[in-house]
Amino acid sequence: MIEWLFGDFTLLQIAILALGAAIIGINKTAIPALGALVMVMFTQFFPADIASAAVLPLLCTGDVLAVAWYRRVANWKFVITLLPWAMVGLVLGMIVVRLITSTDALAVVIALIILGVQALSISRGAFQKKIDEWRGSMGMAAFFGIMAGFTTQVANAAGPVMAIYLLLMKFSKEEYIGSAAWYFLLLNWMKLPLFAMDGRLTWQVIRMVPGVLPFMIMGAAIGILLLKNISQKSFNWIIQLLTALGALRLLWMGLENLLK
């Protein structure tokens, strides 16, 4: 049974998959920006093609768990406004993946954009009037929607983009998680056929999901408890910190590969 689920993965790789599933469970029900850690882990223990592909079905499964729990607290206006722009970003990302052999330069650009927007978010006191004017506008939805769709297709890095957008929208932590749950459920499931068309989604990757599902459910339960016991201020700061770390990780990996 284990051989059918995990193929020729080593015991260490299976353990990393289980740990990654648990972290994604927490990521989807409490701390959205935590997902970048999983991608870092997978790239250290799996070939690049398997690492990028293995994250997606786990994210899709985690999205289902998150929606099942937080489905009633989503801000549907946000989801409906952002989703069409995200689809534009997905298509752009798919085109770029096919046209450009190396995405390392793109990863650097994406990371710098994320860090720049985050710097604006953190220092928003000096730009409060402009941010208040921009908040909820179609321009804001278009910018973050396209960025989220593009980054998730190219580098599985939509988490930091959406973290900044949702913080700028001043959602409560529950509304934040509920809105993100529905948004990423729709976005990630739309990515599945695109990943399959690119040859990145294989049967070997898909069949390992049931094997690590118990660990993801455990992580989701831990996340639900965490969200109930964390203050709004602490929640916002944790998201900011993890977003910065995720962007810096993307920047570092891109520069490291470019300078080799």
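Tutor: Buried, as the word is used here, means under 20% relative accessible area, and the structure we are discussing is a predicted model.

Student: Why is Phe46 called buried?

Tutor: Phe46 has a relative accessible area of 6%, and the cut-off is under 20%, so Phe46 counts as buried. Phe9 is likewise buried, with a relative accessible area of 11%.

Student: What makes Phe9 and Phe46 an aromatic pair, and why is the pair called edge-to-face?

Tutor: A pair of aromatic rings is described by the distance of the centres and the angle of the planes. For Phe9 and Phe46 the centres lie 5.4 Å apart, with 75 degrees between the planes; because centres within 6.5 Å make a pair and planes over 60 degrees apart count as edge-to-face, both terms apply.

Student: Why is this pair said to tie together parts of the chain?

Tutor: Phe9 lies in the loop between helix H1 and H2, whereas Phe46 lies in the loop between helix H3 and helix H4, so the pair joins parts that are 37 residues apart in sequence.

Student: How do you know that Thr29 is buried?

Tutor: Thr29, which is in helix H2, has a relative accessibility of 1%, and because buried means under 20%, Thr29 falls in that class.

Student: What makes the approach of the Thr29 side chain to Gly25 close enough for the distance limit of a polar contact?

Tutor: A polar atom of the Thr29 side chain lies 2.9 Å from the backbone oxygen of Gly25, and the limit is within 3.5 Å, so the distance meets that limit.

Conventions: Residues are numbered from 1 along each chain as its sequence is written. This is a predicted model: local features need pLDDT of at least 70, side-chain atom pairs count only at pLDDT 80 or more; totals for chains, interfaces and linings use all residues. Side-chain values use heavy atoms; hydrogens and water are left out. Helices (H or I, at least four residues) and strands (E, at least two) are DSSP runs, numbered from the N terminus. Buried means under 20% relative accessible area, exposed over 50%, partly exposed in between (1.4 Å probe, protein chains only). A polar contact is a pair of N or O atoms within 3.5 Å; within protein, one must be able to donate a hydrogen and the other to accept it, and residues adjacent in sequence count only if both atoms are side-chain atoms. Rings of Phe, Tyr and Trp (its six-membered ring) pair if their centres lie within 6.5 Å; planes under 30 degrees apart count as stacked, over 60 as edge-to-face and the rest as tilted.
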